[in-house]
Amino acid sequence: MDIPIVENVLKLNDEVAAINRKTLKEAGVYTVDLIGSPGSGKTSLLEATFKAIGDKARIGVLVGDLTTARDATRISKWCPDVVQINTGKGCHLDANQVRQGLDRLKLDELDILVIENVGNLICPVGFDLGQDSKVGLFSVAEGDDKPAKHPYIVMEAELLLLNKMDLLPHVTFDMDIFKEDISRINPTVQLMEVCATNGWINEWCDWLLAKVGK
Amino acid sequence: MHEFSLATSMVDLVKANCPEGEELESITIEAGPMRGIEPQAMQWAWEAATQHTPIAGCKLQLIQQPWKLHCPDCQTSFEADDMFTDCECGCDKTSPVDCDNLRLVRLTLKDKVGVSDS
């Protein structure tokens with residue numbers, strides 16, 4: 001006998017994500033889920049962001065990693081509000097892990113929370129964490145075909161960043177293909193070119209500060 | 001490896017929706033192409049996630065949906081095997097829509113031996 005049913009497979013995750021979203025909203029925290037492949041420069045971007053934003057806004061960070069606290073250690077030099085979440089064998093963060101991470105942060109003292117997801121362009125995209133927006137991070141060193149190969153992040157992101165622009169003359173990267181694929185997958189997504197290691201991130205910082213009215 | 005996470009979510013959802021005292025033959029999942037599910041990995045993950053649970057042996061029927069593309073010129077939607085398929089009207093600016101479904105759509109129960117339908 002067949003029982004027809006329509007249930008979102010990630011219903012339980014989405015329910016916890018809704019609780020996270022409510023908690024963050026009540027605390028007045030704007031939350032970004034930062035998603036990019038390993039080595040795209042997520043942690044470097046955050047280090048540069050702290051350097052550039054200084055005391056204009058207080059930013060907390062939840063860092064997801066399979067193992068090690070290296071990213072959290074790097075970020076803790078800039079920010080006291082950092083929590084490491086080790087996912088073990090998990091290739092992404094889920095809403096419940098974020099829920100536990102939120103309990104360890106003083107949310108009332110924060111303006112912005114960045115969730116640095118596990119380095120991966122596929123799995124993290126499908127899991128709602130309770131964020132306000134997803135930001136996808138690519139780098140020119142990864143090649144111009146990444147949006148076409150990973151459309152889900154392009155589709156879901158409010159903002160895409162293209163990092164390591166200083167390497168552009170040294171790598172094979174067709175900017176026209178990169179941009180055309182993005183605009184076809186998601187015609188409304190915003191794209192910014194950045195270079196975290198030399199501090200060329202003003203546009204990104206302005207975007208972030210505007211979200212919290214600063 | 002997100003297939004394993006999805007499989008464990010499916011196990012929880014199926015357990016919550018299966019009528020008491022019934023045994024499951026199979027479940028049916030619909031997945032949009034955006035989800036990037038690899039069918040073999042999904043089957044393996046399902047077997048691994050269900051073993052030693054009350055629904056061990058329950059089969060997974062995975063329906064992978066085609067791309068659904070929207071044409072901004074003629075305002076129609078159509079199905080395609082490839083995400084970058086141009087519209088019949090010639091427009092090459094089609095965009096994917098509703099391609100991230102991930103839904104449990106059917107539970108199929110095992111027939112009970114010795115119980116007739118009449």
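A salt bridge here is a side-chain nitrogen of Lys or Arg within 4 Å of a carboxyl oxygen of Asp or Glu. In this predicted model, the rule turns up one such bridge across the interface of chain A and chain B. The partners are A:Arg184 and B:Asp86, with their closest N and O atoms 2.9 Å apart.

On chain A's side, the elements that give two or more residues to the part touching chain B are strand 1 (2–8), helix 1 (11–26), helix 6 (151–156) and helix 7 (175–185). Helices (H or I, at least four residues) and strands (E, at least two) are DSSP runs, numbered from the N terminus. Strand 1 of chain A provides the largest share of that side, seven residues.

That strand also meets a partner in the other chain: five bridges join strand 1 of chain A to strand 6 (residues 102–109) of chain B, and the two run antiparallel. (Strands pair if DSSP finds at least two bridges between them.) Within this arrangement, A:Pro4 sits opposite B:Arg106.

As for the contact as a whole (heavy atoms within 4.5 Å), 27 residues come from chain A and 33 residues from chain B. Together the chains bury about 2600 Å², 64% of it on carbon and sulfur atoms; buried area is the accessible area (1.4 Å probe) that two parts lose on being put together, summed over both.

Residues are numbered from 1 along each chain as its sequence is written, and chains are lettered from A and ligands numbered from 1 in the order in which they are written. Local features need pLDDT of at least 70 and side-chain atom pairs count only at pLDDT 80 or more, while totals for chains, interfaces and linings use all residues; side-chain values use heavy atoms, with hydrogens and water left out.
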